[in-house]
Amino acid sequence: MTTIHISMLGLALALSGPHISCANGITASRIDVTAYGAYPDDGQNDATALRKAMAAARSQPGATVYFPPGVYRFSDAEARRIEYEAISGQYGEDVQGHLFKPDAPYVIALDLAGSREVTVEAAGATLVLEGWYEAVSITGAENLRINGLTLTYKRPPHTIGVIGAVTDSYFDMQVDTGRYTMLDSAVTGRIHFYDVAKARVYTGAWHDKKEWLDDTTIRVFSGAKPQPGDLCILRHSAHYRPGILIKESKNIALTDVTIHSQPGMGVVGHRSEDIFLRNLQVIPEPGSVVSTNTDATHFTSCKGRIVLDACKFGGQGDDCTNIHNYYYTLYPNATRQGWVDIAVAQADLHALSLDFPDVGDTLSLVARGSLEPVATYTVRGVDTSHREWRVSVQLDGPLSGDAASHYLTNETRRPAAEITNNTVRSHLARAYLIKTNRVRIVGNTIQQSSGTAIQLGAESGWRESGPVADVVIENNWIVDCGYGHGRQTGTAINIAVSGIDGPPPPLNKNIVIRNNVIQATGAQAIYVSGTDGASVTHNAVSGSDRAVLVEHSTDVTVRGNGPLPVIINDNKQ
């Protein structure tokens, strides 16, 4: 084996040297990870070798990093410590409170920060992670491509057991402790269930007390009353570092990438421009029913375009994707005239990084109670401090209202979105949460999202802006969504403005919903509220009590949606 490795090393070193001189002066090179000692399928820890390969890529614009097909193992002592303490119950139920904060320790596996024109070719390559990681970190990068990489965890960040005895006050779950190691006397985790007969996830408990009955049986003290024979899922964290972080980067493409598990979200994009996901698969590994602990993908304060095409989502513990920016809380700056301090308050920063505008961005001042715009400003200056966790901005005029009753939101960072030809099946909460403009949701299959399939519009309670405009939803097949956690008023499509005082003003604009096949559940399949300008036509709707309910909206056309009743602003049709 040693002789083979030496021979392979020599060949790889020859291949990894510069071999193309580009006209713009960038030298393209091939970086074979075996040249640094990362050999697939040998069962060895490849952490040191892969870190060296990533460092080479960061230093060589135009490089191609090549992973020969096979399984690579990545193990780091600090990451294993974090994993053990989280799963063994040392943080109690509040794992997120200990680990999901900017100053908490974490470990990056593949670090591509600052990369330029780099391509990672990893078709057939699987990275098995031992410990908890930000698995791929893309910060300050441009024109980066990752093709074909699969991410999974040796010990999943969740535990699955078969439900046995069920009573009004508890149920038992049988656990394979050979597969789900590290469980200690203090069993913790958010509780979800999987319906074996219907092949879908559902929820009915959160942080109920748990204790061991014997070496393989956990008793959960809960009134949830799941079905015997179903599966109980303990997710050992809610939010954590993402599987792939894309932060302050531009023109990033993930193609044929698979994420089987992650203690947090799958892909998080923050303050980035132009993100393309094609055949991204956030799905359970074979034999499992669980993928990421929270969202499959999540994008905050981006611009340009976000494309999700031919992707597959399933088994995640929250939404498939959420595209939004934030409502900033305002704090007058007493020491700097013309400046105001802003903060994302009472909301999660999923990239664990400051959110702030750039000089030249357009900010809207909106009333807290209604989210109606009051004034607009151009940003003249930005001053940030990560150490103090502070953002100050200089506006081109005085505030047109008191800070306590208004928010600011960034109109510049509202990316266009193309969500096309994707497949969603069996996950918790909503499939697509859209809070941006210029959106196409076309040709998707969305089946058994426990919440509403497509949710449009601002959610003030989460401080996630804003209302939507210029949205087309067509030729989708939406089946059996909205049966549980995350259900909105409309179980298939819901357009609303939430978290405000009183009836919503018509902030959402120009929505087209046409030619969708909707096999719905609940009171109404499609709900339109707080909207000026909507067309809901020629959708084949069945299964719900009503096809469409419209409230607090103007200029709405509804026709040709099948025989179910329609109510428009209290008028039944």
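Guide: Gladly, and a definition comes first. On a 1 Å grid over the protein atoms alone, a cavity is a set of points where a 1.4 Å probe fits but cannot get out, while a pocket is an open set with protein on both sides within 12 Å along at least five of seven lines; lining residues have an atom within 4 Å of a point. This is a predicted model, where local features need pLDDT of at least 70 and side-chain atom pairs count only at pLDDT 80 or more, while totals for chains, interfaces and linings use all residues. Residues are numbered from 1 along each chain as its sequence is written, and side-chain values use heavy atoms, with hydrogens and water left out.

Visitor: What is the volume of the largest cavity?

Guide: The structure holds 1 cavity of 30 Å³ or more. Its lining includes Thr152, Tyr153, His260 and Glu285. A volume is the space filled by probe spheres set on the grid points, which are joined across faces, edges and corners. For the largest cavity, that gives about 40 Å³.

Visitor: Which elements give two or more residues to the lining of the second largest pocket?

Guide: The second largest pocket holds about 240 Å³ of space. Among the residues closest to its centre are Pro373 and Glu411. Strands (E, at least two residues) are DSSP runs, numbered from the N terminus. The elements asked for are strand 30 (362-367) and strand 33 (406-410).

Visitor: In what order do the strands close into a barrel?

Guide: Two strands pair if DSSP finds at least two bridges between them. For example, 6 bridges join strand 31 (residues 373-385) to strand 32 (residues 390-395). The barrel has 6 strands with antiparallel pairing, and their order is 28-29-32-31-30-33.

Visitor: Why is the pair of phenylalanine 171 and phenylalanine 193 given its class?

Guide: Rings of Phe, Tyr and Trp (its six-membered ring) pair if their centres lie within 6.5 Å; planes under 30 degrees apart count as stacked, over 60 as edge-to-face and the rest as tilted. By this rule there are 7 aromatic pairs. In this one, the ring centres of phenylalanine 171 and phenylalanine 193 are 5.5 Å apart and the planes stand at 70°, so the pair is edge-to-face.

Terms used: Helix = DSSP H or I, 4+ residues; strand = E, 2+ residues; numbered from the N terminus.
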